[in-house]
Amino acid sequence: MELSLARVGERIDRFLFAPVDARAVAAMRISLGVLLLFAWVPLGAQFVTLFHVDGIVDAHLIDTYWTPYALRWLEGLSPEGLMGVYGLGIVAIVAFTTGTLTPVANGVVVVLLVLIHHRNPWIQNGGDRLIRIWALLMLVIPSGAAWSVDAWLRERLGWTSRATVPAFGLRLIQIQLVVMYTYTGLAKLGDSAWFSGEAIYYAISDGGFSRAPWLLDPIVQHPVARPFLWLLDLGTLAFEIGFLPLVLWSRTRNATLIAGIALHAGIFLTMAVGLFGPASVWGYQALAPWSQPRDSTGLRESKPMEARHERR
């Protein structure tokens, strides 16, 4: 019994903390930084209007319709102070992307994303929320261990470089993906439109979401398109509900990720839903083959960087 418990403990430890190639999480840091720039930079022209205490959202609305626990730090700032916050955001995102003081920059980015969300939550969509979650989870990942200014400085100072990082943060990202798809899939089961072939039809036909109604409306309204849209509805349901078992099984994982990329590409091209598609696909990096733990009991062996240098 003790041996079995010890083996279970070892498996849990390997699952949570097995080494992952530091370059994989570095690629995630850089790509998330690009997404953050796409989300943050466009706010500059209207930053004061959106977040000033006398802006388009009355602070009283936050108390009434949001939460009394919202962080209200932006409300006391002048327009000049708000633009300073905007500039700080640019600096922090660039520092995070380049891996300069990575944990500090990451923390500043998270705080700023929370501040603007609490000051004006109604300007944001699912993509913005997902990017904020990814930035938060990256706090527990040593993402500056490779391909970063931090790593370059460590090498210049003669400090040991890290070839691997623990898988813990990637596991949290994987769990977030599973929860997101499973929850939305189960929620769709209660909507008959997903079984009648009308869900995607109405979504694409909605003038508030359709990216090119002049092009898409004649297509989706054609009788030949209806069976195709019905198959897309059922396929979306099957993908979301089946995401967990399909990514757990190594033989179907890559095909599932490819299907997810195709799904989000289709959404991005046909509907104006911000960065939700790119933000969702960003999380797939935590499930990609090069991001999987590599220990003696797992998929592949990961050789420490020092050992690779010795062989050379």
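Figure 1. Let us start with phenylalanine 38, which is found in helix 2. This is a predicted model, and in it phenylalanine 38 is exposed, with a relative accessible area of 58%. Look around this side chain for Ile30, Val34 and Trp147: together with Phe38 they make a nonpolar surface patch of about 420 Å².

**Figure 2. The whole protein, for orientation.** The protein has 312 residues, and 42% of them count as buried. It contains 16 helices and two strands. Along its principal axes, the C-alpha trace spans about 65 × 55 × 40 Å. The accessible surface comes to about 16800 Å², and carbon and sulfur atoms account for 68% of that area. Among the contacts with a separation of 6 or more, 76% are between residues 24 or more positions apart.

**Figure 3. Helix 7, from its start to its packing.** Helix 7 covers residues 126-137, which makes twelve residues. From its first C-alpha to its last it reaches 16 Å, close to the 16 Å expected at 1.5 Å a residue. Zoom in on the start of the helix, where a side-chain oxygen of asparagine 125 comes to within 2.9 Å of the backbone nitrogen of glycine 127. Gly127 is one of the buried residues of helix 7, and so are Leu130, Ile131, Arg132, Trp134, Ala135 and Leu137. The buried residues of helix 7 pack against helix 2 (22-40), helix 6 (102-119), helix 9 (168-189) and helix 15.

**Figure 4. Salt bridges of the protein.** Side chains of opposite charge can pair when their charged atoms come close. How many salt bridges does a search of the whole structure find? The search finds three.

- Aspartate 21 pairs with arginine 23, and their closest N and O atoms are 2.7 Å apart. Aspartate 21 counts as buried because its relative accessibility is 14%, under the 20% limit. Arginine 23, at 40%, is partly exposed.
- Glutamate 75 and arginine 72 meet through their side chains, with 2.4 Å from N to O. Glutamate 75 is buried, with a relative accessible area of 17%, while arginine 72 is partly exposed at 23%.
- Glutamate 240 forms a salt bridge with lysine 188, and here the closest N and O atoms are 3.0 Å apart. This pair links distant parts of the chain, since glutamate 240 sits in helix 13 (residues 225-248) and lysine 188 in helix 9, 52 residues apart. Is glutamate 240 buried or exposed? Glutamate 240 is buried, with a relative accessible area of 7%. Lysine 188 is buried too, at 15%.

**Figure 5. Glutamine 292, a buried side chain in a loop.** Glutamine 292 is in the loop between helix 15 (276-282) and helix 16 (305-311). Its relative accessible area is 6%, so glutamine 292 counts as buried. What does the side chain of glutamine 292 reach at 3.4 Å? The answer is the backbone oxygen of alanine 286. A polar atom of the glutamine 292 side chain also lies 2.9 Å from the backbone oxygen of alanine 288.

**Figure 6. Glutamate 198 between two helices.** Our last stop is the loop between helix 10 (193-196) and helix 11 (199-205), where glutamate 198 is found. Glutamate 198 is partly exposed, with a relative accessible area of 32%. Leaving aside residues up to four places away in sequence, glutamate 198 touches Ala193 and Asp233. Compare this with isoleucine 175: glutamate 198 and isoleucine 175 are 23 residues apart in sequence, and their C-alpha atoms are 30 Å apart in space.

Note on methods
Residues are numbered from 1 along each chain as its sequence is written. This is a predicted model: local features need pLDDT of at least 70, side-chain atom pairs count only at pLDDT 80 or more; totals for chains, interfaces and linings use all residues. Side-chain values use heavy atoms; hydrogens and water are left out. Helices (H or I, at least four residues) and strands (E, at least two) are DSSP runs, numbered from the N terminus. Buried means under 20% relative accessible area, exposed over 50%, partly exposed in between (1.4 Å probe, protein chains only). A polar contact is a pair of N or O atoms within 3.5 Å; within protein, one must be able to donate a hydrogen and the other to accept it, and residues adjacent in sequence count only if both atoms are side-chain atoms. The expected span of a helix is 1.5 Å times one less than its number of residues. Contact means heavy atoms within 4.5 Å. A salt bridge is a side-chain nitrogen of Lys or Arg within 4 Å of a carboxyl oxygen of Asp or Glu. Patches are made of residues with over 30% relative accessible area and no salt bridge: like charges are joined within 9 Å, nonpolar side chains (Val, Leu, Ile, Met, Phe, Trp, Tyr) within 5 Å. Accessible areas come from the Shrake-Rupley method with a 1.4 Å probe; for residues, only the protein chains shown count as cover.
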